[in-house]
Amino acid sequence: MRKNTVTEMLATASTIVLDGALATELEARGCDLTDPLWSAKVVVENPALIYQVHLDYFNAGAQCAITASYQATPQGFKARGYSEAESLALIAKSVQLAAQARDDYRRDNPQAGTLLVAGSVGPYGAYLADGSEYRGDYKLPQAEMMAFHRPRITALHEAGADLLACETLPSFAEIEALIALLAEFPQAQAWFSFTLRDSEHLSDGTPLRTVLARVNACSQVVAVGINCIALENVTPALTHLSSLTDLPLVVYPNSGEQYDAVTKTWSSAHDDACSLTAYLPEWQAAGARLIGGCCRTTPADIAGIARCCQHKGQH
């Protein structure tokens, strides 16, 4: 297995700053993502805009870009008439767009240090596009689950992603399938990030203690944590996770707004909604080492995290 870049980066800094939302940022810039392909649709229709969002996050201080492949699968593209070869090329393109933004930023900022591209591997529930990535109530035999994920992971890995972001995972069976699949790619490394029912249970109800026992045994997993979670739920979950693993913890929560699935709109959960930076010290105290944003977070949010880390001499 190749060297662990995450460990190397954390040897000299206490925090790796991740990027923020891609899909909701694309929507803010005029994209209509009411589509089963979600942000993967824009890889086809407006790749230059994806490049620009990645570049804006690097300019904001992000050290890791997550590719636009969360809902990019051969199965999803096939429904749009694309062949498997064309689908895999589009998944590879998501890596190329992030890598080009990284390389262009580094050209103008040679002092930037190590910058990563993480290939997004969304759950089977994201392909279903019915919200089940927050429930984990789907069942698929392990061989079929591995077959679902294998083409995308192959494309991301071969396109040069530095690591895989296996994210928004709600199902223990799917986590086990992904761990089994990683063994087919011995040079690959990944972080695993979950959606939760509460601070001690995966969305499908599996105790995190059970999940972490399995994840800790996989040497290819370089960080573990949570994403797409409400701000106020982060610290209890991190505190519990830190008691179950020695791996670096990753967290990229939502903005603090709440999504209404009926009206398909976002609204502030509280009149005094806090920013990510307001929570940053307690997340770091709870063990978070890779920190960014998920839905509705912006380059401005990531710039705030980066400034806080620079102020403390951490990044």
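## Core packing, ring pairs and cysteines in a predicted model

Apart from neighbours within four places in sequence, isoleucine 175 is in contact (heavy atoms within 4.5 Å) with Leu169, Phe192, Phe194, Leu202, Val211 and Val215. This is a predicted model, in which local features need pLDDT of at least 70 and side-chain atom pairs count only at pLDDT 80 or more, while totals for chains, interfaces and linings use all residues. Residues are numbered from 1 along each chain as its sequence is written, and side-chain values use heavy atoms, with hydrogens and water left out.

**Nonpolar cores**

Ile175 is one of the residues with the most contacts inside the largest nonpolar core, which has 88 residues; Leu26, Phe192, Phe194, Val215, Leu238 and Trp283 are the others named. A second core of 20 residues is separate and includes Met9, Leu10, Val250 and Cys295. A nonpolar core here is a set of buried Ala, Val, Leu, Ile, Met, Phe, Trp, Tyr and Cys residues joined through side-chain atoms within 4.5 Å. Buried means under 20% relative accessible area, exposed means over 50%, and partly exposed lies in between (1.4 Å probe, protein chains only).

**Aromatic pairs**

A pair of aromatic rings is described by the distance of the centres and the angle of the planes. Rings of Phe, Tyr and Trp (its six-membered ring) pair if their centres lie within 6.5 Å; planes under 30 degrees apart count as stacked, over 60 as edge-to-face and the rest as tilted. The structure holds eight such pairs. In one of them, the ring centres of phenylalanine 58 and tyrosine 105 are 6.0 Å apart and the planes are at 20 degrees, so the pair is stacked. Phenylalanine 58 belongs to helix H4 (residues 47-60) and tyrosine 105 to helix H6 (residues 84-108), so the pair ties together parts that are 47 residues apart in sequence. Helices (H or I, at least four residues) and strands (E, at least two) are DSSP runs, numbered from the N terminus. Phenylalanine 58 is buried at 0% relative accessibility, and tyrosine 105 is buried at 13%.

Phenylalanine 77 and tyrosine 82 have ring centres 5.9 Å apart and planes at 75 degrees, so this pair is edge-to-face. Phenylalanine 77 is buried at 1% relative accessibility, whereas tyrosine 82 is partly exposed at 27%. Ring pairs also link Tyr124, Tyr127, Tyr138 and Phe148 into a cluster.

Threonine 73 sits in the loop between strand S2 (64-66) and helix H5 (74-78) and is buried, with a relative accessible area of 2%.

**Parallel strands around S12**

Strand S1 (residues 16-17) runs parallel to strand S12 (residues 288-291) and is joined to S12 by two bridges. Strand S9 (residues 249-252) also pairs with S12 in the parallel sense, over three bridges. Two strands pair if DSSP finds at least two bridges between them. Isoleucine 291 in S12 is the bridge partner of valine 17 and also of valine 251.

**Cysteines**

A search of the whole structure finds zero disulfides, a disulfide being a pair of cysteine sulfur atoms within 2.5 Å. The sulfur of cysteine 64 is 13 Å from the closest cysteine sulfur, in cysteine 166, too far for a bond. For cysteine 308 the closest cysteine sulfur is in cysteine 309, 6.8 Å away, also too far for a bond.

| Residue | Relative accessible area | Class |
|---|---|---|
| Cysteine 64 | 1% | buried |
| Cysteine 228 | 13% | buried |
| Cysteine 294 | 14% | buried |
| Cysteine 308 | 27% | partly exposed |

In an unreviewed UniProt entry, the annotation "binding site" covers Cys228, Cys294 and Cys295. These three positions are spread over 68 residues of sequence but cluster in space, with a largest C-alpha distance of 6.5 Å. UniProt positions are given in the numbering used here, feature names are shortened, and annotations may be inferred rather than shown by experiment.

Cysteine 228 is placed in the loop between strand S8 (221-227) and helix H11 (231-242). Cysteine 294 lies in the loop between S12 and helix H13 (299-311). Not counting residues up to four places away in sequence, cysteine 228 is in contact with Tyr134, Thr168, Tyr252, Pro253, Asn254, Cys294 and Cys295.
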